[in-house]
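Hi,

Here is the complex we talked about, ready for you to open alongside this email. Have a look first, and then read on for what turned up.

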Amino acid sequence: MENKHTGLYKAFVYLVLILLAIVIVVPIAWVFLASVKSNAEFYGNPWTLPKSFHWENFTSAWTTAGMGKYLGNSVFVTALSLILLIIIALPASYVLARFHFVTQKFWNWFFMLGLFINANYIVVPIFLMLLGGDNFFTKILGHGIFLNNLWMLSLVYASTALPFTIYLLSNYFRTLPASFEEAAYMDGAGYFTTFLKVMAPMARPSIITVILFNFLSFWNEYIMALTLIPGDNKTLPVGLLNLSAAQKSAQNYGQLYAGLVIVMLPTLILYIMVQKQLTEGMTVGGVKG
Amino acid sequence: MNGHAKRNRSIFIVLALAPAIILMTIFMLYPVLSVFQMSLYRWGGYSPDKEFIGFQNFVTLAKDMNFIRAMQNTIVLIVLVTVVTLAFALVFAAILTRVKFKGVGLFRVIFYIPNILSIVVISAIFSAIYDPAQGLLNSVLRLFHPSNWQGVQWLGNEKLVIWSVAIALIWQAIGYYMVMYMSAMASIPEDLYESASLDGATAVRQFFTITIPLTWNTIRTTLTFFVISTINLSFLLVTAMTGGGPNGSTEVFLSYMYKQANTNSAYGYGMAIGVVVFLFSFALSAILQGITKRDVYEF
Amino acid sequence: MKKRWLLTAVVLVASTALLAACGSGSTKNSAKSSGSTSKTLNVAALEGGYGSAPWKQVVKDFESANPGVKVKLTIDKKIESIISPKMKAGDYPDVVHLATGRPDGLTETMIKSKGMEDLSDVKNMTIPGEKKKVSDVLMPGFDGTLATEPYGDGKTYMMPMFYAPTGLFYNKALLKANGWTEPKTFSDLMALGEKAKAKGISLFTYSTTGYMDSLTYSLLADIGGKSFFNKAMSYDHDAWSGKDGTQYFNLVGNLVKQSDKTTVANANNENFRKNQQLILDNKALFMPNGTWVTGEMKDAPRAKGFEWGFMALPGVKADTRYAYTYFEQIWVPKQAKNKALAKKFIAFMYSDKATKDFLKGGAVQPVKNITSQLDAEQKQFYGIYDNGAKVLTGSFQSAKAVEGVNMTDTLFGEITSVTNGTKSISQWQQDVVKAADQLRE
C-alpha cells in the first residue's frame with residue numbers, strides 16, 4: 001500500500017518534470033534548427049523542420065557580418081571584466097564579511113544600495129564623464145583614451161557588477177567557520193597571507209557561481225557596449241543588433257539566427273562546464289548553520 | 001592585540017576595500033548623482049540651454065497617465081513573476097533535493113538553461129510561440145477547438161499581452177531561483193525530515209513545516225532580486241518583443257523612460273523617471289523585507 | 001580537476017593577450033586617420049535599405065572632385081546610437097543624413113531644440129562640378145513644406161533625399177482572378193471589403209502603426225485639401241475635432257476594423273514582416289507601404305501568380321487623390337565645425353554623379369530628370385503621379401517637447417486599440433484632440 005502510493009507520487013513527479021523539461025528544450029532546439037534554415041523558410045510556419053541544412057548562414061554571419069571579430073572582442077571584454085571583478089570584489093567581500101570596524105555598516109549599505117542602480121539610466125552620465133576625460137586627453141595626446149576602449153568597457157562592467165558580486169561573496173564568507181582564520185593566525189600568518197592562502201581558496205565554489213552569473217550578464221550586455229564603443233570594436237550583442245535589418249530593407253533571417261546561436265553557444269558551454277559547482281556557491285540570505 | 005598588529009589590520013582593511021569603493025564612487029555613485037541632478041531640469045538632451053525647474057518633472061509624472069500605466073504594468077509583472085516563479089521554483093527545488101530518483105542531475109541542468117540565454121533569443125523564441133496563425137501555443141490549442149477557431153491573440157489582445165510577457169519572464173527565471181533554493185535546501189539536515197516522517201508527516205506537510213521555514217532567509221533575499229531583475233528584464237524583453245505595444249499596453253518603467261529621454265526629447269523628464277525607478281525598487285524591497293521578517297528558525 | 005581549471009585559465013589569458021594586441025592595433029589606426037592635416041568633413045549617414053555601398057561611392061566622388069578634402073563617413077544601421085551620445089557632449093558631425101520618423105527621433109529632437117543650421121542658401125549654390133544650381137534640378141513639390149521648413153518660416157533647414165511614393169500595395173493577380181477592380185474611392189474600398197470577406201480574405205493589414213502615417217497624411221489631404229492638411233499638421237484644434245477631422249477618424253477607424261485578425265499581434269518591430277506576408281499569401285487585400293517593400297520581401301514565398309500592384313490611396317472623391325511621398329532628410333547641425341564645406345557636400349548630393357551612384361543602390365534622388373533613368377518596376381511605382389495622383393510631402397510641425405505627450409504615439413499608436421476594439425473611434429479622436437491641444441500651447 002505504502003509502496004504503491006510513493007510509486008504513483010514518483011510517477012506524477014516524473015511526468016511534471018519531463019513536461020517542464022520539454023517546455024524548455026523544445027524552444028531552444030528550435031533556435032538551433034532555425035539557424036540552418038534558408039531565408040525563405042522564415043516567412044512561413046516557424047515550427048516546420050528545415051528543408052535542408054544551410055550551414056552557409058554561419059559562414060556569412062561569421063565573416064560578412066563580422067561576428068568572428070566581435071566574438072574575439074566579447075571574449076576579451078568578458079574575460080578582462082571577470083578578472084578585474086574578482087581581484088577587486090574578493091578582498092572587499094572578505095573584509096566586509098569577517099572584520100568588524102567602525103564604518104563597516106556604512107560600507108555594507110553603500111554596496112547594498114548599488115544593487116538598486118540600473119545600468120540603463122547611468123549609461124549616459126558615464127559616457128559624458130568618459131568623453132570629458134577624452135576631450136582632456138585629446139588636447140595633450142591628440143586622441144582620447146577612454147571611449148572606444150575595450151579595457152575601459154571592462155572596467156565599467158566590473159564596477160557595475162560590484163554590488164551583486166560583493167553581496168554574494170560576503171554572504172558566502174559569513175558561512176565559513178572562524179576556526180580556519182584562527183588557526184592561520186596561530187601559525188603566524190598575517191592578514192594578507194591568511195586571505196590569499198586560506199580564505200580565498202575556500203571561497204572557490206562561490207567564486208565559480210559569481211563567474212557564471214557575471215559571465216552571462218557581461219556576455220549579453222549591449223546598452224553600455226553600444227554607447228561606450230561607438231567605433232568598430234563592437235561586442236557580439238551589438239553586432240547582433242546590426243544583423244537584424246532596419247525596417248524597409250530585406251532581413252537576412254538565416255544570418256540573424258546563426259548569429260543568435262554564435263552568441264548562445266559559449267554561454268551553454270561554460271554553463272555545462274561549471275553546472276556541478278553552481279549550487280554549492282549560491283549562498284544568499286545571510287548567516288546559516 | 002598590540003599597536004603594530006592593529007595598524008596592520010587597519011592597513012589590510014583599507015587596502016582591501018579601497019579599490020571597490022573608488023570604482024563604485026566613479027562609475028555608480030557619481031552617475032547616479034548626476035541623474036538626480038538632471039531630473040530637476042528641463043533639457044531636450046542636445047541644446048545647450050538647460051532650464052532648472054525644481055520638482056516640476058515629478059509633478060508632471062504624477063499626472064502622466066502613460067507613466068502611471070507603465071508603473072501599473074511593471075507592478076503587475078513584478079507580482080506575477082515573483083509569485084509564480086517563487087511557487088514553481090520552491091516546489092521543483094524541494095522535489096529535486098528531496099526525492100531521490102534517476103535523472104535529477106539532468107533535470108537540474110536543463111531547468112537552468114533559459115537563464116543563460118540572451119533576451120534577444122528569448123524574444124525570438126516567444127514570438128514564434130505566440131504567433132497568432134502558426135505559433136506553437138495556438139497550434140496546440142487548435143487541437144481542442146473546431147477547425148474555424150480564430151486563435152488567441154497572445155500579443156494582440158491588450159488585456160492578455162502583459163500575461164504573455166510575464167510567462168516569458170517566468171520561463172526564463174524559474175531555473176535561476178530554483179538553483180538558489182536548492183543550495184539553501186541542501187544544507188537542511190536530513191534527520192529533520194526523518195523524524196518528521198516517523199511522526200507521520202506527509203511530504204507536503206514536511207515542505208511547509210521544515211523546508212519553507214528553513215529556507216526563509218533565502219526566500220526573503222530573493223524577493224529583492226525579483227524586484228530588481230523584473231524591472232530590468234521586462235524592459236529588455238518588451239523592447240525586443242512588443243516595443244511596448246499594442247498601444248502602450250506593455251510599456252514598463254524603463255521602456256517609458258527610454259522613450260521620453262530619447263524619442264520625446266525630454267531627457268530631464270526621462271531622468272526623473274530613472275529617479276522614481278531607483279526609489280521605487282529600493283522602497284519596495286525594503287517593504288518586502290519588513291513584512292517578511294520572521295524569527296529565524298535554527299537547526 | 002585542478003589541471004582542467006589551470007588549462008582554462010591559461011587559454012583565457014592567452015586569448016586575452018592575443019586580442020589585446022589586435023585591439024590596440026586598430027585603435028592606433030583610427031587615431032592616425034583623424035589626426036591628418038587636410039580638411040576633414042564628418043558625414044554621418046543612416047544605412048537604410050539601400051545599403052552602404054552607394055554612400056561610399058558618393059564620398060569617393062566628392063573627395064576626388066575636391067582635392068585636399070577628406071570625408072570621414074560614419075554609416076550604420078543605428079547611426080543615432082553612434083552620434084547622439086557624442087552630440088550630447090558637444091561633438092557634432094558636419095553633415096547628418098537621417099530622416100524624421102525614426103524610432104529614436106533624433107532628427108525631431110534636433111528640430112525641437114532648434115539645433116539645425118539654416119540651409120536656405122544651398123538651393124542657390126552651384127552644384128560642384130556642374131553649371132546648374134541646386135534649385136534648377138530639384139524636383140518641384142519637395143521644398144517649401146514642413147518636412148524641409150519645420151518651423152514654417154520659409155527657411156530651409158533640411159534638404160530632401162531619397163524619395164519613395166507611398167500608397168496601397170496589393171496582389172494584381174488576386175484582383176484579376178476575382179474580377180475585382182482597383183477601388184478609386186473609400187466607399188469602393190469598403191464595398192470591396194464585403195466581397196473579400198465572403199471569400200475569407202481580409203480587406204486590410206498594416207505593418208506597424210507607424211506605417212499608418214502615409215495613409216493618414218494622404219487621407220487628410222484627400223478630405224480637405226492641402227490647407228486642411230497643413231492645419232492638422234500644426235495641431236489645429238478645429239482641424240482634428242471638426243467635421244473633416246471626424247470624417248478622417250471614421251474612415252480610418254472603420255478601415256482598420258477590417259484588418260486581418262493577426263495584424264495587431266504582429267504589428268511590432270519583431271514581427272511586422274508577417275503582416276506584409278499576408279498580402280503575398282492572399283490573406284489580406286491591401287496594405288499601406290512604400291516602394292521599398294518589394295525589395296524588403298524579395299525572399300518571401302508568395303501565392304501562385306503573385307504580382308505586386310500599387311495604387312494611390314483611394315480618395316474621398318475619385319478625382320482628388322493624394323499620394324504621400326516619403327523622403328529622407330540631410331541636415332547640418334548648428335554646432336558643426338565645417339559648415340561651408342558641409343553645404344557644398346549637400347549641394348553635391350544633387351549632381352549627376354551622385355544621383356547615379358545612389359540609383360545603383362536603388363535610392364532615388366528628387367531631381368528632375370530622374371524618372372527617365374528608372375527600371376520598369378520602379379517606373380510603375382514612381383509613375384503614380386503621372387496617373388493623376390497629387391504629390392504630398394511634409395509631416396507634423398515641430399512643437400516644443402511636452403513631457404509625456406507625443407502626437408504620433410497617440411494618433412498612430414492608438415490605431416491598434418481601435419483595430420482590436422479596445423478603444424472606440426470617438427475616444428481615439430478625443431485623445432488626439434487633447435494631445436494636439438497640449439502640443440499647440
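One cut-off to begin with: a residue counts as buried if 20 or more other C-beta atoms lie within 10 Å of its own, as exposed if 12 or fewer do, and as partly exposed in between. Please also keep in mind that this is a predicted model.

**A residue in chain A**

Is L265(A) buried or exposed? There are 12 other C-beta atoms within 10 Å of L265(A), so it is exposed. You will find L265(A) in helix α12 of chain A, which covers residues 253-281. A residue from another part of the sequence sits across from it: F32(A) is 233 residues away from L265(A) in sequence, yet their C-alpha atoms are 9.9 Å apart in space.

For the complex, the predictor gives an ipTM of 0.89 and a pTM of 0.87. Chain B has an average pLDDT of 90, and 98% of its residues score at least 70. Among the elements of chain B, the lowest mean pLDDT is 88, for α4(B), and the highest is 95, for helix α2 (residues 56-63).

Chain C averages 87, with 91% of the residues at 70 or above. Where pLDDT is low, the predicted coordinates should not be read in detail.

**Chain B and its annotations**

The unreviewed UniProt entry places "transmembrane region" features at residues 12-33, 75-97, 109-130, 160-179, 223-246 and 266-288 of chain B. Two of these stretches can be set beside the model. Residues 160-179 of chain B are 95% helix and 0% strand, and the end C-alpha atoms are 30 Å apart. For residues 266-288 of chain B the figures are 96% helix, 0% strand and 33 Å from end to end, C-alpha to C-alpha.

The annotation "domain: ABC transmembrane type-1", again from an unreviewed UniProt entry, covers residues 71-288 of chain B. Over that range the chain is 76% helix and 0% strand, with 18 Å between the end C-alpha atoms.

There is also a backbone detail to look at in chain B. G245(B) and P246(B) are joined by a cis peptide bond, with omega at about -5°. P246(B) lies in the loop between α10 (216-241) and α11 (253-263) of chain B.

**Where chains A and B meet**

How many residues of chain B are in contact with chain A? There are 64, and they touch 64 residues of chain A. On the chain B side, the elements that give two or more residues are α1 (3-38), α4 (104-116), α5 (119-130), α6 (136-142), α7 (161-185), α10, α11 and α12 (267-291). The most comes from α1(B), with 17 residues. By class, this side of chain B has 47 nonpolar, 14 polar and 3 charged residues.

**Chain C up close**

F162(C) has a phi of about 30° and is found in strand β4 (residues 159-171). It counts as buried because 24 C-beta neighbours lie inside 10 Å. Y235(C), with a phi of about 60°, lies in the loop between α8 (212-233) and α9 (237-241) of chain C. Y235(C) has 21 C-beta neighbours inside 10 Å, so it counts as buried. As background, most residues other than glycine have a negative phi, and most peptide bonds are trans.

R273(C), in helix α12 (residues 272-280) of chain C, is buried too, because it has 21 C-beta neighbours inside 10 Å. R273(C) and A300(C) are 27 residues apart in sequence, and 9.5 Å separates their C-alpha atoms.

Last comes helix α19 of chain C (residues 425-440). Its 16 residues reach 23 Å from first C-alpha to last, close to the 22 Å expected. The buried residues of α19(C) are W428(C), Q429(C), V432(C), V433(C), A435(C), A436(C) and L439(C). They cover an arc of only 165° around the axis, so they sit on the same side of α19(C). These buried residues pack against α9, α10 (243-256), α17 (407-411) and α18 (415-419) of chain C.

Best wishes

Methods:
Residues numbered from 1 in each chain as written. Chains lettered and ligands numbered in written order. Predicted model: local features only at pLDDT ≥ 70, side-chain atom pairs only at ≥ 80, totals over all residues. Helix = DSSP H or I, 4+ residues; strand = E, 2+ residues; numbered from the N terminus. UniProt positions renumbered as here; feature names shortened; annotations may be inferred. pLDDT = per-residue confidence, 0-100. Contact = placed C-beta atoms within 7 Å. Nonpolar A, V, L, I, M, F, W, Y, C, P; charged D, E, K, R; others polar. Expected span 1.5 Å × (residues − 1). Arc of directions from axis to C-beta.
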